[in-house]
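Here are a few friendly notes to read alongside the structure. Take them one at a time, and look for each residue as you go.

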Amino acid sequence: MRQSLLALLARGPAHGYELKQDLEQLLGSAYPQPNVGQIYVTLGRLEKSGLIEGEDVEQAGRPNKKVYHLTDAGREALRAWFGETADEPRVRDEFFMKLALAPQTGLADRIALINRQRRQYLNTMRQLSKLAAAEDRDNRVAHLLIEGAMLHLQADLDWLERCQEELEELE
């Protein structure tokens, strides 16, 4: 959330509710909708760390709103973030840990675990397909997000198939 808010503020000053709307519009319905409270807490932390500055703006007949802008330190932090690669190998996968430990506990059957996980992935794939169909065709970012999630799910389904084949050979 921190970097997302910094990136949105790089284009110009905004208040928390605007940032929430911008994230929702950009990412569409497939991405978990940000909680406005979480946004304001994150903005407070970013301000405390010197990455953004907030300024109270008076509004006629309404409470003041706080408009935030990126500081030089915030711009540098954002540049550094864009320069990093995403390192997410799934070596520490909770499902795989269950699969590996199930025989030692006698509490779960590995093939049943695989089948349950497969059903979960297929249900998620169906939900994403519905989201893709309902999403605005012009929102390419949201469609790419959904497509990426579906490709990851397909890879996970292929991996489950491989696990099942290997484990059935062992039994």
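1. Let's begin with phenylalanine 82. This is a predicted model, and in it phenylalanine 82 counts as exposed because its relative accessibility is 57%, above the 50% cut-off. Tryptophan 81 has a relative accessible area of 32%, so this residue is partly exposed.

2. Now for the rings of these residues. A pair of aromatic rings is described by the distance of the centres and the angle of the planes. For tryptophan 81 and phenylalanine 82, the ring centres are 4.9 Å apart and the planes meet at 50°, so the pair is tilted. Searching the whole structure gives 3 aromatic pairs.

3. Another of these pairs is made by phenylalanine 96 and tryptophan 159. Their ring centres lie 5.8 Å apart with the planes at 50°, so this pair is tilted. Where do the two residues sit in the chain? Phenylalanine 96 belongs to helix H5 (residues 94-105) and tryptophan 159 to helix H7 (residues 140-170), so the pair links distant parts of the chain, 63 residues apart.

4. How exposed are phenylalanine 96 and tryptophan 159? Phenylalanine 96 is partly exposed, at 39% relative accessible area, and tryptophan 159 is partly exposed too, at 30%. Ring pairs also bring in Phe95, which forms a cluster with Phe96 and Trp159.

5. Next, please look at the largest pocket. Its space comes to about 320 Å³. The lining has 14 residues, and those closest to the pocket centre are Ser4, Leu23, Leu27, Tyr31 and Leu145. By type, the lining divides into 9 nonpolar residues, 4 polar and 1 charged.

6. Which helices supply at least two residues of that lining? Helix H2 (16-27) and H7 each do, and H2 gives the most, with 4 residues.

7. Helix H2 deserves a look of its own. It has 12 residues and spans 17 Å from its first C-alpha to its last, close to the 16 Å expected at 1.5 Å a residue. The buried residues in H2 are Gly16, Leu19, Lys20, Asp22, Leu23 and Leu27. They cover an arc of only 165° around the axis, which puts them on the same side of H2.

8. One link to take away concerns Leu23 and Leu27. Both are buried in H2, and both are among the lining residues closest to the centre of the largest pocket.

Technical notes
Residues numbered from 1 in each chain as written. Predicted model: local features only at pLDDT ≥ 70, side-chain atom pairs only at ≥ 80, totals over all residues. Heavy atoms only, no water. Phe/Tyr/Trp six-rings, centres within 6.5 Å; stacked < 30°, edge-to-face > 60°. Buried < 20%, exposed > 50% of the residue type's maximum accessible area, 1.4 Å probe, protein only. 1 Å grid on protein atoms, 1.4 Å probe; cavity = no way out; pocket = protein on both sides within 12 Å on 5 of 7 lines; lining within 4 Å. Points joined across faces, edges and corners; volume = space filled by probe spheres on them. Nonpolar A, V, L, I, M, F, W, Y, C, P; charged D, E, K, R; others polar. Expected span 1.5 Å × (residues − 1). Arc of directions from axis to C-beta.
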